[in-house]
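Open the model in your viewer and keep the selection tool at hand. We will go stop by stop.

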Amino acid sequence: MIAIDMDGTLVHPGGTVSDANQASLQRARENGARIVIATGRRHSYAMKVLRTAGMQQDDIVLSSNGTVARTISGDLIFRDTMPLSTAEWLCTQLGEYRNAFVFTFDKLGPHGEDMPGALVLEELDELHGSIGKWMEANAPFIRRIVPIEDALLGENGQPGQLPIQAMLCGSMDRMERAMAELATTHDDRVSLHRTEYPGRDLCIVDILPRGCSKGSGLRRLLALEGMTPDHLMAIGDNWNDMPMLELARWPALMGNAPETLRELATQQGWPITCSHDLDGVSEAMALHFPVSVLSAR
């Protein structure tokens, strides 16, 4: 099984998957590999790129940092949701970060696109300032609900659909403070994962159901396929990829990863490739992919 992150890894800066990376994935399939795209994006948003990336219908998308798994064709494999009590508690912890907060719900329609209300927030301006392109691309699926707690209610005040994750976005310093504050209060109710883009002074903090990560999702997929982490290769570029990189027998880090993460990879003895705009995924697979092992299966 080969698990590959999307943004900053498989996907070029222009938002496409290069011919070289597509060819590397196809060679891996031909040698018996199971392809998993492991991304922080939700399924529908990942598919905006993957539909034109030469993917196969039975390839897997492990989305929202490991909380949902579907095939490319849209068949649900598993989904984890945040308990209502945890989601309600989280809303009480937002404080000054309420204007940078988003709930994500798994509302995939029959056409493969999200339904309106898949993304819920209270305020627009702060998020437009930090992730403006994402806000514009996802405008059809965003609902503004004040207070955001009401997004957790169904008809007649009954419990509604549960979120698969929550998200905070903002500057590096602000999100570092937010993570520190949540870490002192979450009492293992949620799992926190961060993605950093120092050149943009942007940090995304994903708040997941307890125990969820790309690593935990891959453990489930491996078990379903009759495999173990000894059969796993993982390629990523950021901190939210750490659980799968640490899990995999064959980890590889992209050359465009944050400097502190590259230093850690060097300490661990992980290969570091060229950057994503130079087809680091293709390089990782050429240097590191155990074709002989797969051919013997």
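This tour of a predicted model visits a pocket, a cavity and some aromatic rings.

**Stop 1: the largest pocket**

Select D7, R41, Y197, R200 and I204. Of the 44 residues that line the largest pocket, these lie nearest its centre. The space in this pocket is about 1100 Å³.

Now colour the elements around the pocket. α2 (43-50), α4 (125-137), β9 (165-170), β10 (190-197) and β11 (202-209) each give the lining at least two residues. Which element supplies the largest share of the lining? That is α4, with 5 residues.

The pocket lining holds 14 nonpolar, 18 polar and 12 charged residues.

**Stop 2: R42**

Select R42. You are in the loop between β2 (35-38) and α2. Is R42 buried or exposed? Its relative accessible area is 7%, so R42 is buried, since buried means under 20%.

Show what surrounds this side chain. Leaving aside residues up to four places away in sequence, R42 touches S63, S64, T104, D114, L119, W134, N138 and F141.

**Stop 3: the cavity**

About 40 Å³ of space lies in the largest cavity.

Select its lining: R42, H43, S63, S64, V68, R70, T104, F105, D106, K107, D114 and I164. How many of these lining residues are charged? There are 5, alongside 3 nonpolar and 4 polar.

**Stop 4: three phenylalanines**

Select F101, F103 and F105, which form one aromatic cluster. The whole structure has 2 aromatic pairs. F101 and F103 make an edge-to-face pair, 4.9 Å centre to centre with 75° between the planes. F103 and F105 make a tilted pair, 6.1 Å centre to centre with 55° between the planes.

F101 and F103 are both buried. F103 has a relative accessible area of 0%. F105 is buried too, at 3%.

**Stop 5: charges over rings**

Select R194 and W239. R194 lies over the face of W239, 4.4 Å from the ring centre.

Finish with R220 and F78. Here the charged end of R220 sits over the ring of F78, 3.9 Å from its centre.

Technical notes: Residues are numbered from 1 along each chain as its sequence is written. This is a predicted model: local features need pLDDT of at least 70, side-chain atom pairs count only at pLDDT 80 or more; totals for chains, interfaces and linings use all residues. Side-chain values use heavy atoms; hydrogens and water are left out. Helices (H or I, at least four residues) and strands (E, at least two) are DSSP runs, numbered from the N terminus. Buried means under 20% relative accessible area, exposed over 50%, partly exposed in between (1.4 Å probe, protein chains only). Contact means heavy atoms within 4.5 Å. On a 1 Å grid over the protein atoms alone, a cavity is a set of points where a 1.4 Å probe fits but cannot get out, and a pocket is an open set with protein on both sides within 12 Å along at least five of seven lines; lining residues have an atom within 4 Å of a point. Grid points are joined across faces, edges and corners, and a volume is the space filled by probe spheres set on the points. Ala, Val, Leu, Ile, Met, Phe, Trp, Tyr, Cys and Pro count as nonpolar, Asp, Glu, Lys and Arg as charged, and the others, Gly among them, as polar. Rings of Phe, Tyr and Trp (its six-membered ring) pair if their centres lie within 6.5 Å; planes under 30 degrees apart count as stacked, over 60 as edge-to-face and the rest as tilted. A charge sits over a ring if NZ of Lys or CZ of Arg is within 6 Å of the ring centre and within 35 degrees of the ring normal.
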